[in-house]
Amino acid sequence: MMRPAILDDPKRELWLAWYATVGFYSLYTVVFFIITRTQPPGKPWYDPSQVVGWFAGRHDGLLIGFALIFVLGGLSATSLALITYSIRRMSVSRAFAYSYLILYAVAAVPGFLFICTAMTVGAMRPERSPALLQWLYDLAFLSFSGTMGVFLIGSLIWMTAILLDKNHVFPKWFGYLNLCNALTEVVVAPSWIFHEGALAWNGAIAWWINVVVFALYTGAFIYLLRSMILREDFGTGPLPGLDSKVWRTIVPVEATV
Amino acid sequence: MESRVNMRLFVVWLILVGITVAYLAIDRAANDHGLATASTAVTVAAICLALVKVRIIMREFMEVRTAPPVLRRLTDYWIVLMAAALLGVYLAGKAVA
Amino acid sequence: MTTTQEPLVVVREQGTRHIPGQPDMWVFVFFESLVFTAYFCVYLYSRTQHERAFLHGQSQLLAWLGVLDTVVLLTSSWTMARCVQHARAGRYAPARRDAFLTAGLGFVFLVLKIVEWVRLIHLGHTFTSSEFFQYYFFLTAIHCVHLLIGFVVLGVLVWKLSASQEIVETCATYWHTVDFFWVLIFALLYVVR
């Protein structure tokens with residue numbers, strides 16, 4: 001029997017990580033939007049009795065969906081690892097890669113796991129007092145949307161790395177897109193203050209427009225990570241292949257900083 | 001050559017400032033009798049004037065005028081898109097209210 | 001000091017067309033314009049649903065102050081454009097002067113904005129006091145964040161002034177974007193009825 005080519009491909013681990021990344025984001029979308037229906041978020045102005053109703057209407061979905069996340073959520077590590085790998089491949093200091101890794105790994109706890117835990121706790125005993133359920137509801141949505149500062153800095157770190165990078169790992173436009181993503185974190189900050197309106201955690205600006213930006217950003221980096229893996233030569237110099245005129249940036253002759 | 005370019009930029013700046021000051025006249029006219037009233041005409045005028053200024057900034061300051069056709073067309077389409085979105089949402093909102 | 005001239009400076013003649021700065025920055029301009037247009041649409045729609053309340057809030061603004069803000073930023077765009085022209089022709093000293101003028105005007109805008117915010121807050125209008133002011137403070141604040149980033153961008157421009165015309169143009173493109181965002185915000189907050 002012929003040995004399958006993929007077993008000898010030096011990029012196989014990278015591809016494994018990339019497919020895991022796609023798997024993770026697909027899982028995330030299906031769980032949050034379809035199974036648990038926690039996105040779009042519940043309304044911040046609900047009184048405790050309405051919150052009880054919200055939990056009741058999603059009881060099974062919450063338990064099943066977040067159980068899936070608890071089992072498979074570790075896949076998110078592959079996404080993070082691949083991005084960190086991409087930053088390591090750049091010509092900038094490794095400090096960028098490590099900072100990004102730490103920031104996003106830490107951010108996953110409040111920004112991702114809190115909502116899963118709080119919602120599961122809320123769904124587990126529907127007979128809890130409404131005030132307590134509302135507390136869990138607030139904790140879930142505020143931590144999911146409101147702990148943005150870490151992601152903000154993380155995006156800025158990735159942006160700076162890309163703009164300083166001389167190895168052309170990513171096109172510069174993606175560096176600028178990181179700025180757009182970072183700014184969405186700023187825009188979501190008022191959700192701590194407003195219970196209704198465009199800037200509440202479910203608002204037209206703080207959620208809807210932000211989610212569109214985030215989705216486009218995520219789609220972009222998944223595509224660009226794939227492109228990076230295709231071009232990877234396991235060296236330390238410029239990555240080949242991104243030399244169409246659109247991406248080229250002029251490297252100053254006097255590169256001394 | 002340098003002075004011609006400088007003069008062009010100066011004239012562009014004058015026009016932009018002129019349009020901006022014209023807003024004061026619109027603002028005064030809109031506050032007829034001292035009461036602020038909703039006015040579709042003022043809104044449409046304000047938005048259109050703003051987009052005219054944006055186009056001038058893009059063409060002259062951002063040097064789109066001397067750019068390849070693809071950029072010139074893209075910026076124009078973008079301005080039309082913004083006009084359609086802003087005016088469309090405003091008019092739709094007035095109809096719904 | 002041995003340097004080779006930026007090729008773009010040498011070969012550019014009358015009639016050659018080039019995209020100003022990195023095309024990547026234009027991607028950012030288009031994308032961020034879309035995002036801001038979305039914010040403006042949300043604001044305009046809210047406005048039509050609560051006409052009287054918005055008109056009342058808007059009447060607390062000083063139109064002439066908005067005009068002054070706009071003129072200041074337009075002038076900063078002018079000095080920015082002049083800076084790019086000077087740099088392209090190798091006149092780095094005037095270019096640097098224009099870059100600092102641009103930053104100075106940006107700073108004047110920032111001061112005017114803060115003065116305006118303080119005045120409004122003293123009158124009792126804050127981020128949470130009414131829907132109009134929620135949008136007012138949100139739009140002017142997110143614009144100011146872009147302006148503050150603009151100062152960093154100007155720093156990069158001055159740093160790379162004699163090294164890379166493309167980066168100079170890229171930074172200028174960003175600054176003009178901050179300007180035209182304000183042009184739109186001014187019209188929508190101060191004039192639209």
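Chain A has an average pLDDT of 88, and 94% of its residues score at least 70; pLDDT is the predictor's confidence in each residue, on a scale from 0 to 100. This is a predicted model, so local features need pLDDT of at least 70 and side-chain atom pairs count only at pLDDT 80 or more, while totals for chains, interfaces and linings use all residues. Residues are numbered from 1 along each chain as its sequence is written, while chains are lettered from A and ligands numbered from 1 in the order in which they are written.

One stretch calls for care: over residues 244-257 of chain A, pLDDT stays under 50, and the model has 17 contacts there beyond four places in sequence. Two residues are in contact if their C-beta atoms, placed from the backbone, lie within 7 Å. Where pLDDT is low, the predicted coordinates should not be read in detail.

## Chain A as a whole

Chain A contains 10 helices and 0 strands. Helices (H or I, at least four residues) and strands (E, at least two) are DSSP runs, numbered from the N terminus. Along the principal axes, the C-alpha atoms of chain A fill a box of roughly 65 × 55 × 30 Å.

Of the 257 residues in chain A, 39% are buried. A residue counts as buried if 20 or more other C-beta atoms lie within 10 Å of its own, as exposed if 12 or fewer do, and as partly exposed in between, with C-beta atoms placed from the backbone. Among contacts in chain A between residues at least 6 apart in sequence, 74% join residues at least 24 apart.

Helix H3 (residues 48-57) of chain A has Val51(A), Val52(A) and Phe55(A) as its buried residues. They lie on the same side of H3(A) because they cover an arc of only 105 degrees around the axis, the arc being that of the directions from the helix axis to the C-beta atoms. An α-helix has 3.6 residues a turn, so residues three or four places apart point the same way.

What do the buried residues of H3(A) pack against? Their partners are helix H4 (59-72), helix H6 (94-124) and helix H7 (130-146) of chain A. On the other side of H3(A), the exposed residues are Ser49(A), Ala56(A) and Gly57(A).

## How the chains meet

Of the 2 pairs of chains that touch, chains B and C have the most contacts between them. This contact takes 40 residues from chain C and 43 residues from chain B. On the side of chain C that touches chain B, H4(C) gives the most, with 12 residues. That side divides into 23 nonpolar, 12 polar and 5 charged residues; Ala, Val, Leu, Ile, Met, Phe, Trp, Tyr, Cys and Pro count as nonpolar, Asp, Glu, Lys and Arg as charged, and the others, Gly among them, as polar.

Chain A and chain B do not touch, and their nearest C-alpha atoms are 13 Å apart.

## The nonpolar core

A nonpolar core is a set of buried Ala, Val, Leu, Ile, Met, Phe, Trp, Tyr and Cys residues joined through C-beta atoms within 7 Å. The largest one has 151 residues, and those touching the most other members include Tyr100(A), Ala206(A) and Phe40(C). H7(C) provides the largest share of this core, 19 residues.

Leaving aside neighbours within four places in sequence, Phe40(C) is in contact with Leu86(B), Leu184(C) and Leu188(C).
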